[in-house]
Amino acid sequence: MTAQSETHTNSAHSAAGGGAATGAGAARGPGGEGAGGAEDEVLLAALLDGMDAALCAFDADGVVTHWNREAGRILGWTAEDAVGRQGLSGWALRPADAPDVESRLLSAMEAPGRQVHEFALNTKDGRRVLVRTQSSAVTGPDGRPRGVYCAFSEVHAQIDLERSIALSEALFEDASWGVLVVDADLRPTVVNAHAARALRAASRSAVLGRPLGELLDQGLDQLESAFQHVLAEGAPPGPAEIWVTLRSARSGADPEPGAATGPDRGDAARRCWRSGFLRLASPLSAEPVPLGVAWLFQDVTEGKRTEQEAARLRFRDNQLHRAARAAAECEDPMEAATVHLDFALAGFADHALLDLVPEGPGGDPGHPAGSAPPRLVRAAATPAAAGPCPSAAEPGLASGIPVGYSAGHPALQACERGTSVRTSVYGSAGTAASAVSTAPAGPGVGEAPAVPGWAASRKWPEGTVHGLCTVLRSRGRTLGVVTFLRGASRRGFDRADAAYGEDVAVRIAAAVDLARLAGGGRQPR
């Protein structure tokens, strides 16, 4: 039985121990004397009738002394029908069952603790109800047993209760998804083992009572909004997929085994949790009082990343296809190169720059080691209206004036190495890193710090925080570099982005090479 039932039966125990006769039924035995005794009987009657559990009591001779309202609701027999009867035979029990059942009930007077039994009782309208009972002895002031009280409920209701408790225990112990309960102040009050591992907590108890802001970084606002909505409006109609970043992952502490490093680590630290929310309300109040929110979640990061990657590949393949069809209609090969640049920009970068190696002797940067770095002339910039080039010179090859890239510039590195170079600005110290394949992890989307002069020193548009420089190669020669730039609202370039940039560069290089074979042409914007 539940703790609530124990409280009820304990009240009956103390009442029967005092030998009180209540308004729930005419009691056999001595009642309280004086006004105090009468008030106690009224109070006891109110307590018995207000119980959620059915209760009856027998004296030492097996006569019914108490019968509360819940017992009447379950069986249909009222207190007037029950109290004063000798046992249950002939009315609440079939005569054939009565000796065995009554002997089991009254045996509680001689047995320690509570006895649990199941048997069928008859209702007033002739039905049979299977009940589960807990019976215990009622002792007098001298310690001798004076009767038995019996609390009972329908077996199916008890089984439902036990099943609910078992479900709760299973969710908080063995579930393969996270379960976390927050109170009205949005502080965790219960957490299962899976959720504790997902939050990288040392133990389940380490999470309790702590603000979620100490555990989560990105995604915290969305979660708190969801909790507030559930508390005010109830559970949402379907699950929500929320991307979160743990503070331990953002700080770089305790990386998971096999976690990505370099520029892709920021994405690897983000997790997508498919979440369901339930409002918890007290069943004991007339109107439901919110007790908190149950948050059930499961990590679906790998599946979501696979879906996103597939969608990104479909879009990029479609862009390459459309660019090829549009470029095929261009008479001027250099215009076709610009068309490829324009189509590549959609959904990929904020700006794109096309820098070419001047034609003529020494134009190919495959020079011996120790020689001067290659010269690059700005041939195109898109979008043109945005004015991405900080210099006043308009893009074009006619002047032959090289872009003033300093030594070690990512575009020059791409030319010298014949590969792609990714670079980003991040870190409180305002440092930057460039690498052929990897770069240190930076902050998440929208969190790249502003480093004064970082973009301007690289001749890039103001606000640029991520760059990808990809070399243009055709017929074994280096023709130039195409540079893709992103602002702070975008994440850094990853390996998949570099591969796509190289696909675009192959098409641009072919168009540039064709233009040179044809003897030049109109300069692109």
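Visitor: How much of the chain is made up of buried residues?
Guide: Of the 525 residues in the chain, 44% are buried, where buried means under 20% relative accessible area, exposed means over 50%, and partly exposed lies in between (1.4 Å probe, protein chains only). This is a predicted model, in which local features need pLDDT of at least 70 and side-chain atom pairs count only at pLDDT 80 or more, while totals for chains, interfaces and linings use all residues. Residues are numbered from 1 along each chain as its sequence is written, and side-chain values use heavy atoms, with hydrogens and water left out.

Visitor: How many helices and strands are there?
Guide: The chain has 15 helices and 16 strands. Helices (H or I, at least four residues) and strands (E, at least two) are DSSP runs, numbered from the N terminus.

Visitor: Is β5 largely enclosed or exposed?
Guide: Strand β5 (residues 145-154) has seven of its ten residues buried, so it is largely enclosed by the rest of the structure.

Visitor: Which strands pair with β5?
Guide: Strand β1 (residues 54-59) pairs with β5 in the antiparallel sense over six bridges, and strand β4 (residues 128-139) does so, also antiparallel, over nine bridges. Two strands count as paired if DSSP finds at least two bridges between them. Phe58 stands opposite Val148 in β5, and Arg132 has Ser153 of β5 as its bridge partner.

Visitor: What lies between β4 and β5?
Guide: The two strands form a hairpin with five residues between them, and Gly143 in this hairpin takes a positive phi near 85 degrees.

Visitor: Changing topic: what is the strand order in the open sheet of five strands?
Guide: The order is β7-β6-β10-β9-β8, with antiparallel pairing. At the edges are β7 (188-191) and β8 (240-245), each of which pairs on one side only. On average, neighbouring strands of this sheet are turned by 35 degrees against each other, direction ignored.

Visitor: And how many bridges join β6 to β10?
Guide: Strand β6 (residues 178-182) and strand β10 (residues 290-299) run antiparallel and are joined by five bridges. Leu180 has Trp295 in β10 as its bridge partner.

Visitor: Which helix lies across those strands?
Guide: Helix α8 (residues 220-233) lies across β6, β8, β9 (270-281) and β10, and runs at about 20 degrees to β9.

Visitor: How do α11 and α12 cross?
Guide: The axes of helix α11 (residues 301-328) and helix α12 (residues 333-345) come within 9 Å and cross at roughly 155 degrees. That makes α11 roughly antiparallel to α12. Axes are lines fitted to C-alpha atoms, for helices over the stretch in contact, and angles run from 0 to 180 degrees between N-to-C directions; under 35 degrees counts as roughly parallel, over 145 as roughly antiparallel, 65 to 115 as roughly perpendicular and the rest as oblique.

Visitor: Which residues of α11 and α12 meet?
Guide: Gln319, Arg322, Ala323, Ala324, Ala326 and Ala327 in α11 meet Ala336, Val339, His340 and Phe343 in α12, contact being heavy atoms within 4.5 Å.

Visitor: Where does Asp342 lie?
Guide: Asp342 lies in helix α12. With 27% relative accessibility, Asp342 counts as partly exposed. The C-alpha atoms of Asp342 and Gln319 are separated by 9.9 Å, and these residues are 23 residues apart along the chain.

Visitor: Lastly, is α13 mostly covered or exposed?
Guide: Helix α13 (residues 410-417) is mostly covered, with six of its eight residues buried. Gly418 follows α13 and has a positive phi, near 70 degrees.
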